[in-house]
Structure formats: structure tokens, C-alpha cells
Amino acid sequence: MFGFMDVVEEKQKQLGKKYRKVLWKYVKEWFKLPKIIFTTSIFLLFYYFMQVSVGIYVVGFSLFTLAVLDLYFVTKLKKEFNKRTRKNNKKWMLEDYIFNVASFGGAMVASNLPQLFNHIEKNPSHVGALLISLVLTLTIIYSYITLVVIPKKAEKLLEEHYPEYRLVNPTAI
């Protein structure tokens with residue numbers, strides 16, 4: 001027999017799957033023209049800078065900037081989430097996913113910054129440069145989608161998942 005915690009855990013698993021589907025949908029949309037050209041350009045820039053001597057500073061500065069931007073957006077989303085929760089006096093599980101899961105990208109970049117910088121400094125091989133360039137490019141895409149795209153569409157996603165959301169939030173669009 002299911003206890004209350006089992007039901008909550010099961011609901012969290014379902015919402016995790018739903019969130020991953022939403023995330024995957026926007027990732028697939030990202031890899032279409034013209035964004036794929038932009039993405040390829042970012043990748044090639046990282047790869048190029050990994051090959052030149054001054055490139056370590058450019059890549060290091062880019063990583064630092066990405067980490068700072070991620071932390072800024074995470075802080076902004078946390079404030080928005082807390083404001084929404086106080087205003088509505090109700091907390092939706094999907095809303096919690098949308099506004100809290102996004103912090104993973106920023107934390108990942110910030111916590112791995114020293115290791116990535118040390119690896120870059122040792123002049124990696126072409127394969128290493130390709131791998132690092134790919135990881136950095138995908139991190140930028142992940143951060144942008146989770147910190148900007150999905151939170152902008154939060155109202156729509158919440159309305160689709162919770163039919164009663166519009167009743168509780170009459171200002172929802």
C-alpha cells in the first residue's frame with residue numbers, strides 16, 4: 001500500500017519525466033536553422049581559441065563570464081519563484097522544477113571552472129580540444145534553455161499541466 005511519501009515521490013518522478021520532455025523539445029528546436037549556425041560558430045570559436053597560446057585566457061574569461069551570468073539568472077529566477085509563491089500562496093510541483101532545476105547548469109559551470117581551466121592550460125590534444133569545446137557549447141545551450149527559454153514559457157506549461165492553474169491565477173496569460 002502506498003504511503004503519502006510514496007505518492008509524492010511517484011508524482012515527482014512523473015514531473016521529472018515531463019520536465020525532461022519539455023527540455024528535450026526546446027533543445028531539438030535549438031538545433032534548427034539559424035540557431036545551428038550560431039551554435040556551430042560558438043563551438044568553432046572555442047575550438048580555435050583552444051589551439052592558440054592566448055586562447056586559454058579567452059576561454060577562461062568566457063567560462064568565468066558564463067558562470068557569473070548563470071549565477072545571476074539563477075538568483076533572478078529564485079527571487080521570481082519566491083515572489084510567485086508568496087503572491088499565489090500556492091506552490092506547484094512543475095513550477096518548482098522550472099524555477100529550481102535551472103540552477104543546475106550554473107552550479108555545474110561554476111563548480112568545474114577550476115578543473116576546466118587547468119585542463120585547458122595543459123594544451124590539450126585536438127580530441128581534448130574538441131571535447132572541451134563541445135561540452136562548453138552544450139553547457140551554454142543548456143543554460144540558456146533552462147534559465148531563459150523555459151521560465152519565459154512557465155505560465156503556458158503550468159496551464160497545460162494543471163487545468164486549475166488558470167482558476168487560481170486569473171492573471172495568467
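## Close-up views of an all-helix model

**View 1. Val59 is a residue of helix 3.** The model shown here, as in every view below, is a predicted one. Val59 has a relative accessibility of 1%, and because buried means under 20% relative accessible area, Val59 counts as buried. Phe46 stands 13 residues away from Val59 in the sequence, and in space the two residues are 6.7 Å apart, taken from C-alpha to C-alpha.

**View 2. The whole protein, as a setting for the other views, is built from eight helices and zero strands.** Read from the N terminus on, the elements follow one another as α-α-α-α-α-α-α-α. The protein has 173 residues, and 35% of them count as buried.

**View 3. The largest nonpolar core of the protein has 25 residues.** Within this core, the residues with the most contacts are Ile98, Ile145, Ile150 and Tyr162. At least two residues of the core are supplied by each of helix 1, helix 3 (55-88), helix 4 (93-100), helix 6 and helix 7 (154-161). Helix 1 gives the largest share, which is seven residues. As a general background to this view, nonpolar side chains in soluble globular proteins tend to be buried together.

**View 4. Leu94 of helix 4 is shown together with Leu157.** Leu94 has a relative accessible area of 3%, and is therefore buried, since the limit for that word is under 20%. Along the chain, Leu94 and Leu157 are 63 residues apart, while their C-alpha atoms are separated by 8.4 Å.

**View 5. Ile140 of helix 6 is shown together with Ala67.** These two residues are 73 residues apart along the chain, and a separation of 9.9 Å is found between their C-alpha atoms. Is Ile140 buried or partly exposed? Its relative accessible area is 26%, so Ile140 is partly exposed, because this value lies between the limit of under 20% for buried and that of over 50% for exposed.

View 6. One of its residues, Leu138, belongs to helix 6, which covers residues 126-152.

**View 7. Five lysines gather in a surface patch of positive charge: Lys25, Lys35, Lys76, Lys152 and Lys153.** Lys25 has its place in helix 1, which runs over residues 4-30. The relative accessible area of Lys25 is 38%, and Lys25 is therefore partly exposed.

**View 8. Lys156 and Glu160 form a salt bridge.** The closest N and O atoms of the pair are 3.7 Å apart, which meets the rule because a salt bridge needs a side-chain nitrogen of Lys or Arg within 4 Å of a carboxyl oxygen of Asp or Glu. By this rule, the count of salt bridges comes to one. Lys156, with 46% relative accessibility, counts as partly exposed.

**View 9. Leu33 and Pro34 are joined by a cis peptide bond.** The omega angle of this bond is about -5 degrees. Pro34 is placed in the loop between helix 1 and helix 2, the latter covering 35-51. For comparison with this view, most peptide bonds are trans.

How values were computed:
Residues are numbered from 1 along each chain as its sequence is written. This is a predicted model: local features need pLDDT of at least 70, side-chain atom pairs count only at pLDDT 80 or more; totals for chains, interfaces and linings use all residues. Side-chain values use heavy atoms; hydrogens and water are left out. Patches are made of residues with over 30% relative accessible area and no salt bridge: like charges are joined within 9 Å, nonpolar side chains (Val, Leu, Ile, Met, Phe, Trp, Tyr) within 5 Å. Accessible areas come from the Shrake-Rupley method with a 1.4 Å probe; for residues, only the protein chains shown count as cover. Lys and Arg count as positive and Asp and Glu as negative; His and the chain ends are not counted. The place of a charge is taken as NZ of Lys, CZ of Arg, CG of Asp or CD of Glu. Helices (H or I, at least four residues) and strands (E, at least two) are DSSP runs, numbered from the N terminus. Buried means under 20% relative accessible area, exposed over 50%, partly exposed in between (1.4 Å probe, protein chains only). A nonpolar core is a set of buried Ala, Val, Leu, Ile, Met, Phe, Trp, Tyr and Cys residues joined through side-chain atoms within 4.5 Å.
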